[in-house]
Protein chains: 2
Amino acid sequence: MARRVREHLDATLPRVWGDLLEVAASAREQLGQARTLIEPDQWQAALGGEVERLTENGQLEHATERLLSKLERTLFDSPKTGLVSLVGAGPGDPELLTLKALRRVQAADAVVHDRLVSAEVLAFASPHAERYDVGKSAHGGGSTQRDIERLLIDLACQGKRVVRLKGGDPFVFGRGGEEALALARAGIPFEVVPGVSAALAAPAAAGIPVTHRGLSSSVTIATGHDTSAHDWHALAQTSGTLVFMMAVEHLDTICAQLIGHGRPTSEPAAIVQWATTSKQHIVLASLGGIATAAREAGIEAPAVLVVGPTAALSGRLAPEGTHAEAVAV
Amino acid sequence: MARRVREHLDATLPRVWGDLLEVAASAREQLGQARTLIEPDQWQAALGGEVERLTENGQLEHATERLLSKLERTLFDSPKTGLVSLVGAGPGDPELLTLKALRRVQAADAVVHDRLVSAEVLAFASPHAERYDVGKSAHGGGSTQRDIERLLIDLACQGKRVVRLKGGDPFVFGRGGEEALALARAGIPFEVVPGVSAALAAPAAAGIPVTHRGLSSSVTIATGHDTSAHDWHALAQTSGTLVFMMAVEHLDTICAQLIGHGRPTSEPAAIVQWATTSKQHIVLASLGGIATAAREAGIEAPAVLVVGPTAALSGRLAPEGTHAEAVAV
């Protein structure tokens, strides 16, 4: 950025080169994160006219203020500034998309989506919409979180209606909060469209009410991915149903930690893979046996682990044909 | 039931009266809960023909088996048997209904709904659909849970496509588990259509990501209604975000219990009333001050309480104009 400003100034404004660069650098610093949103041609336009005159007159502070004001108008009041919708795409079944999410996807100029968003949901987008697959795998493939945030800001600054499509709900282990903060810092208008989270839909699809009179009066949802972040003592102490998202990779650790902190090995547990889709597969076992049972049944990601007495209701309330054979609670 | 069978038998089959009644009583007992589904004319039809002949021949056990088999076919294979869909209507904004829920409501012969389901969602139903408002208030008005379960079974037994519409998600404090069990016991085909739960959508609509890198790696959802059911020590110990549904009535108790069990009074908290609707109203305060702040802001049910560091993000991420004035975190 500095190089381009310098090149421009070198070519067109040799007289006030030093002073104008100082003014530009000062404004750039005061803009904070928003500076990344300003295109070279916007700098060029803003540095001309009144800012140039004030700088020539030696009124550098006044020039900086004027420049900032011009850049801010460019950023925030421009009809070119788009809108970013952080949209939950639901747990898998494309029919579990909300009406609002459907409308946002249909109206999008650009769709930025995760790996787990289904082709059926993406098919709702216009054929003219740009598509960006920023899918992150558990092992760190795909775009970094900062790349994604920059992409959303860039697209919005091009005046586009951007839909950031996330599996489930954007604010439940979707890192939607980080994206919302990045957008807020950059002054980009955004909205959050909640979706059906797999944290609750996966148990439901397996016939497990996460709360149930006499069995569970609360539900705790935790990530199974970043297991070192947890206070396992507190998690094991919770009296309600426990739901672990992305539970396959560290399934042994999760069960061992819960048992090590006092949960009975005999407690009912269920793994639900590809919940709400035609590939849905449920394994029921005890907390002590679920990791082995899941391996024997060939369970892979994506899957959700449910621990607690309500998990046993799956045997009576799950749709027929979705339980693994030869596994008993 | 027994009286009607007896009347029928008295009138038409005096010879085998005693034996047939014994056969009927035995079958009735073995049917369990499902016996409530059998209409008098179905008993009459089933008791004729082969069952009557076997009884006349003194083959009472064989007759009972045949009767049971006929009645079960009546119950489970009859094209008259309907389907009950336990459907989540979402948190308030009718646009947050899922596509699947919309289709079920549009196809329903009968809609059985709670008080909090919006008129806009009910308007999706056919004008020919029967509507039953079984709204239960916090103070026990409306139908009892058993009344509702009987109504669902009755409607399904009339061969109707029944939609049981619940605010939010049917399996998150919706007593959907109890209704599903009642339907399973009665042999009525049913399905669960998950919805967007206010437990997660209310925080999202208030700009609160319930999980956020570095701030919260889990979320616990509890009822604020039945406060005596909770293990308050365990709830206060949880390291993640806490969400209390139906939090207004016992707000003082909830905050006092959390503080009494070790949560800091200075912890950020938010109340979200009428989340996701045009009437949405947010109050931010500390855990120690939120009950007073909510009263001063005139917050009433329905409202959700969010406790934890992520609640403070509401100040930066909530849509403009939805915060109460004059309340600071």
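This note covers the interface between chain A and chain B in a predicted model.

1. Ground rules. Local features need pLDDT of at least 70 and side-chain atom pairs pLDDT 80 or more, while totals for chains, interfaces and linings use all residues. Residues are numbered from 1 along each chain as written, chains are lettered from A in the order written, and side-chain values use heavy atoms, without hydrogens or water.

2. Extent. Chain A puts 56 residues into the contact, and chain B puts in 56 residues (heavy atoms within 4.5 Å). The two chains bury about 4,600 Å² between them (accessible area, 1.4 Å probe, lost on being put together, summed over both). Carbon and sulfur atoms carry 65% of that area. In chain B, the most area is lost by E95(B), L99(B) and F171(B), together 15% of what that side buries.

3. The interface has 4 salt bridges (Lys or Arg side-chain nitrogen within 4 Å of an Asp or Glu carboxyl oxygen). K100(A) and D93(B) form a salt bridge, at 3.1 Å from N to O.

4. Make-up of the chain B side. Its residues touching chain A divide into 30 nonpolar, 16 polar and 10 charged (Ala, Val, Leu, Ile, Met, Phe, Trp, Tyr, Cys and Pro are nonpolar; Asp, Glu, Lys and Arg are charged; the others, Gly among them, are polar).

5. β6 of chain A, residues 218-223, runs antiparallel to β6(B) over 5 bridges (strands are DSSP E runs of at least two residues, numbered from the N terminus; pairing needs at least two DSSP bridges). T220(A) sits opposite T220(B).

Methods:
Helices (H or I, at least four residues) and strands (E, at least two) are DSSP runs, numbered from the N terminus.
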